[in-house]
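Hi there,

Here is the structure I promised to pass on. Could you have a look at it when you have a moment?

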Amino acid sequence: MDKLEKTLISSLLLAGLFSIAFSDTWKATVTERLDALVTSCVVVPCSFSHPGKPLPSSKLRGIWHISTKRHEVVFNEDHTRILDEYRGRTRMLGLLGQNNCTLEINDVKDHDNGPFCFRIELVKSEGEKFSFVEDCVDLTMQHSPPEIQLYPSTTALEGKAYTATCKVRHTCPSFRPKLSWSRGKADQILERHEQLSPGNWMMESVLTFILEEKDDHSELNCTAVFHGGKTTTKTLPLYIKRAANYKNIIIPIVVLIVTAGVIGLVSALIVKKYKQRIIELQSQEGSVWNRMSRLSRRFRSNAPPSRSRPREKVAEQKIFKARVPSPKSQPKSNNYQEDDDDDYQNTADLNIYGNV
């Protein structure tokens, strides 16, 4: 055996041992299943690990292929090796030197369902290749965009700030969905983008504006436009609760108080103006007011006395009955003439006041 044959055998043995060690220790992590919106794009998160010190990207070559069919390549640095239906639609987003093998598929087609698997190769080492066929991704084709989540964050009150939130899930962070509102200005809108899980992201838009009376029973729309042109819209009805308007309570009370005050002031002025005249009428001799006052006093003075007596006096009268002389024993008196004259005078006075 010559020297050349010994060198070849030694190289093959070392390559075999290195390949075994390589296959035992290198590992890839790929999201197993994702939804993909047709005409949009999908990003497949992928990472890998290997023993030893970090390797530069120039020493590594990343390849994506269909399942166990290594020759059906969907991504390769050498674009001539990519299948025609995937050429120009795939790219590697991550850097292999950072152990990132993330794949992006643009302009998703109905047949882009996979499964897609990742393979790593060491440059200039034909025998040092490994495909992670146990860690592949399956894509589920979606022909309709995901539904928007639209909800209010505050109560709708007239004249107060109102906040509404619009959210939508997607799988294409390279081309985020564009969210737009049926109203509002740019300075009233805040946007936020976050990753929910590997391969799933959320685009969020928050609108804040002041509600007016005309906004009651109106609609607030949020529209999402996805990469590739597909759109979806969600509507939020607005029912405004009118804030307590104290003007409706205060104004009537103020009007009532002012009206009562005006009436009282006018009455006081009238009384003040005619008070002296009323006093003069009351003081005039023979005036109607004076005559009615005198007539009233006359009737009160002629009213019969009360018949009620204390029980003690009644008891004394029953016990000590005074002796009354007989009428026959008394001389006749002419006092009836005087009584008649008094009655005539009283009648005359009554007639004077009665004819008023």
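Below is what I found in it, from the overall picture down to single residues.

This is a predicted model, in which local features need pLDDT of at least 70 and side-chain atom pairs count only at pLDDT 80 or more, while totals for chains, interfaces and linings use all residues. Residues are numbered from 1 along each chain as its sequence is written, and side-chain values use heavy atoms, with hydrogens and water left out.

The protein has 5 helices and 17 strands (DSSP runs numbered from the N terminus: H or I of at least four residues for helices, E of at least two for strands). Of its 356 residues, 28% are buried (under 20% relative accessible area; exposed is over 50%, partly exposed in between, with a 1.4 Å probe and protein chains only). The accessible surface comes to about 24700 Å², and carbon and sulfur atoms hold 55% of that (Shrake-Rupley method, 1.4 Å probe; for residues, only the protein chains shown count as cover).

Leu 236 sits in strand S17 (residues 231-238) and counts as buried because its relative accessibility is 10%. Leaving out residues up to four places away in sequence, Leu 236 touches Leu 150, Tyr 151, Pro 152, Tyr 162, Ala 164, Ser 218, Glu 219 and Leu 220 (contact means heavy atoms within 4.5 Å). Glu 219 is 17 residues from Leu 236 in sequence, with 5.7 Å between their C-alpha atoms.

His 50 lies in the loop between strand S4 (46-49) and strand S5 (60-66). Is His 50 buried or exposed? His 50 is buried, since its relative accessible area is 14%. Beyond its neighbours within four places in sequence, His 50 is in contact with Thr 25, Trp 26, Leu 55 and Asn 99.

Best wishes
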